[in-house]
Amino acid sequence: MDHSGHGMMMDLPPFTLGRGLEFSGDPFFMISCLLGLGLYGWAVVRLRRRGDAWPVGRTVAFVLGVLTVALVMCTKLNEYGMVMFSVHMVQHMVISMLSPILILLGAPVTLTLRALPAAGRGRKGPREWLVALLHSRYMRIITHPAFTIPLFIASLYALYFTPLFDFLMGSRTGHIAMMVHFLAVGLVFFWPIMGVDPGPHRPGYVMRMLELFAGMPFHAFFGIALMMASEPMIGTYTNPPASLGIDPLSDQQAGGGIAWAFSEIPSVVVLIALVYQWYRSDQRQARRTDRTADRDGDKELAAYNAYLASLRTREQ
């Protein structure tokens, strides 16, 4: 018997972590992950061959980010996620909050700009088109917090608490589109906050922290609403296969607990990254100030001392 109209078998055995982590290999996400890893690796090799360095930590972060996508979409977690809301919520949280952070820490845009050759004067190639896109009005709009924060919130409430979720789960294409949407929303939301890659919207560190914490509480409220519900709220999961041996309300409450708890994890990861970036930025600024002082004999300090001396002279 099929589930959701796109070939998902209903007679899955009771869920265990071992069964969930078995390889299934969704073609769309498998090809996308391999392509992403291949292109990133090609760019790193290109830089190394011409003698340019690329931080190993960024490569590791990007690879881990792509592997987390593969973990939830190319294993049996994807099949169980079609019939168990709790497993689906694990997929959602990972692909929308953990994967984007790791991928962005890999600085794929910076790597692409460094790896692509310049087209030459008066011509436009892939690198020039990418730069134009990064500085376009479209990118300024979709990376602005007035757009990213409502989009981040709407991806929860406007999707799960309306018939749209059941509609998308009714076909394989809809399910893939929904998961791609989760990943895209996470990338757009965290991109200006992480501040690793260049972008049109780059606020200061305090504003980035405010943007981060502006969206996180809504994840917690969403999870609490599911945990406190007295009846199943998501139509797709109201009648789980008997072979799973689960109660839909209990499964929904477990999913709500996952959404509530998981909202803290990316907040901590991003906050640590922001504090580290802030520290590194201050260090670079201090070094620039020292170099400037060495070049001009510290004229700024001398001028300040002269100003203080003039104040003392006036007081006398």
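In the predicted model, helix H2 passes helix H6 in a left-handed crossing, a term used when the near helix is turned anticlockwise from the far one by less than a right angle, the clockwise case being right-handed. Helices here are DSSP runs of type H or I with at least four residues, numbered from the N terminus. Two packed helices are described by the angle between their axes and the distance between the axes. For H2 (residues 27-49) and H6 (residues 108-115), the angle is about 50 degrees and the axes are 9 Å apart. H2 is therefore oblique to H6. Each axis is a line fitted to C-alpha atoms over the stretch in contact, and angles between N-to-C directions run from 0 to 180 degrees. Angles under 35 degrees count as roughly parallel, over 145 as roughly antiparallel, 65 to 115 as roughly perpendicular, and the rest as oblique.

Residues are numbered from 1 along each chain as its sequence is written. Because the model is predicted, local features need pLDDT of at least 70 and side-chain atom pairs count only at pLDDT 80 or more, while totals for chains, interfaces and linings use all residues; side-chain values use heavy atoms, with hydrogens and water left out.

The crossing of H3 past H5 is left-handed. Leu67 lies in helix H3, and its C-alpha atom is separated by 8.3 Å from that of Ser99, a residue 32 positions apart along the chain. With a relative accessible area of 42%, Leu67 is partly exposed; buried means under 20%, exposed over 50%, and partly exposed in between (1.4 Å probe, protein chains only).

The structure holds three salt bridges, each defined as a side-chain nitrogen of Lys or Arg within 4 Å of a carboxyl oxygen of Asp or Glu. In one of them, Arg172 and Asp26 meet at 2.9 Å, N to O. Arg172 lies in helix H11 (residues 172-194) and Asp26 in the loop between H1 and H2, so the pair ties together parts that are 146 residues apart in sequence. Arg172 is partly exposed at 36% relative accessibility, whereas Asp26 is buried at 9%.

Lys76 forms a salt bridge with Glu22, their closest N and O atoms being 3.3 Å apart. This pair links distant parts of the chain, 54 residues apart: Lys76 is in the loop between H3 and helix H4 (77-80), and Glu22 is in the loop between helix H1 (17-20) and H2. Both partners are partly exposed, Lys76 at 22% and Glu22 at 37%. Another salt bridge joins Asp52 to Arg50, with the closest N and O atoms 2.6 Å apart. Asp52 is partly exposed at 27%, as is Arg50 at 43%.

A nonpolar surface patch of about 620 Å² is made by Phe218, Phe221, Ile224, Met227, Met228 and Trp260. Patches consist of residues with over 30% relative accessible area and no salt bridge, with like charges joined within 9 Å and nonpolar side chains (Val, Leu, Ile, Met, Phe, Trp, Tyr) within 5 Å. Helix H12 (residues 205-228) gives the most to the nonpolar patch, with five residues. Met227 lies in helix H12 and counts as partly exposed at 35% relative accessibility.

Terms used
Areas by Shrake-Rupley, 256 points an atom, 1.4 Å probe, with all protein chains shown as cover. Helix = DSSP H or I, 4+ residues; strand = E, 2+ residues; numbered from the N terminus.
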